[in-house]
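Biologist: Hi! I'm new to this one, could you walk me through it?
Modeller: Happy to, here it comes.

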Amino acid sequence: MAIVRVSIGSLASMGIINIRQKYKPTTLYMLQYSMEGCLAGCKYCFQNKSLNIDKKYLSRITWYPIELGEIIDKIENSGFKRICIQSIIKKGFIQELIKIIQGIREHGVKTPISTSVNPVHRVYLEELKNLGVDYLGVGLDAATPELFTKYSKPYSWRAYMDFINTGVEVFGWRKVYVHLITGLGEDLTSIASLMSSIVENGGDIALFPYVKEVKGVYTVNVDIYYYRLIQIIRYLLLQGYRLKEIMGSGLN
């Protein structure tokens with residue numbers, strides 16, 4: 001079976017490593033494995049093949065490589081309510097992702113599965129859904145086309161927008177989570193407008209703070225009050241409020 005990376009918290013929950021956990025996670029977090037890293041050139045991502053950073057890191061979390069077969073029998077007995085599998089870009093990544101999920105299902109694991117992928121053909125999304133994947137994540141990350149280009153995201157802004165819409169068509173209303181990173185240089189109006197558009201078109205948003213690495217130290221690089229404000233705006237949008245109602249004169 002395939003080698004995958006598994007988050008340190010998930011490994012601890014399965015009893016594979018011994019660390020103290022104040023709160024036991026209910027989601028098993030997995031990441032596609034590549035010793036060299038991801039072929040995408042996202043300048044802020046520690047999985048970027050071109051960055052001289054240990055590939056065991058994604059954001060501030062450590063992820064360790066392990067054979068899928070070594071953990072597959074432990075999944076349903078570890079209290080996990082969901083499996084989240086994140087992909088990277090490498091040769092044949094979508095085919096490998098499908099095989100990983102097939103392997104999990106063939107071993108009788110019925111735990112709900114979410115997966116996060118970059119733009120692929122609709123036929124692969126339909127295959128993922130047929131395997132029981134019920135939520136899709138899309139790593140747009142940048143809040144504007146200009147930041148998208150600045151940070152060297154793969155494909156194009158339009159390709160991501162089309163993929164998000166296709167994802168909603170395949171998985172359904174509020175079943176597509178668009179990943180956005182706060183603190184990459186966006187302004188409040190830009191990210192709020194993008195979130196409003198995503199919500200109006202049936203998507204949801206997963207927010208992440210920008211994490212920066214300096215001499216081996218990984219720290220959140222965004223003002224906490226700004227981050228909380230964006231979280232509040234997301235919440236209100238999903239409650240049905242229009243952006244002008246939320247921001248008033250603050251919206252240009």
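Biologist: Which residues in helix 4 meet helix 6?
Modeller: Arg122, Leu125, Glu126, Leu128 and Lys129 do, and their partners in helix 6 include Phe163 and Val170. Contact means heavy atoms within 4.5 Å. Helices here are DSSP runs of H or I with at least four residues, strands are runs of E with at least two, and both are numbered from the N terminus.

Biologist: Before we go on, where does the model come from?
Modeller: This is a predicted model: local features need pLDDT of at least 70, side-chain atom pairs count only at pLDDT 80 or more, and totals for chains, interfaces and linings use all residues. Residues are numbered from 1 along each chain as its sequence is written, and side-chain values use heavy atoms, leaving out hydrogens and water.

Biologist: New topic: which residues form the aromatic cluster?
Modeller: Phe148, Tyr155, Trp157 and Tyr160 form one. Rings of Phe, Tyr and Trp (its six-membered ring) pair if their centres lie within 6.5 Å; planes under 30 degrees apart are stacked, over 60 edge-to-face and the rest tilted.

Biologist: How are the rings of phenylalanine 148 and tyrosine 160 placed?
Modeller: Their centres are 5.4 Å apart and their planes at 75 degrees, so the pair is edge-to-face. Phenylalanine 148 lies in helix 5 and tyrosine 160 in helix 6, so the pair ties together parts 12 residues apart in sequence.

Biologist: Are those two buried or exposed?
Modeller: Both phenylalanine 148 and tyrosine 160 are buried (under 20% relative accessible area; exposed is over 50%, partly exposed in between, with a 1.4 Å probe and protein chains only).
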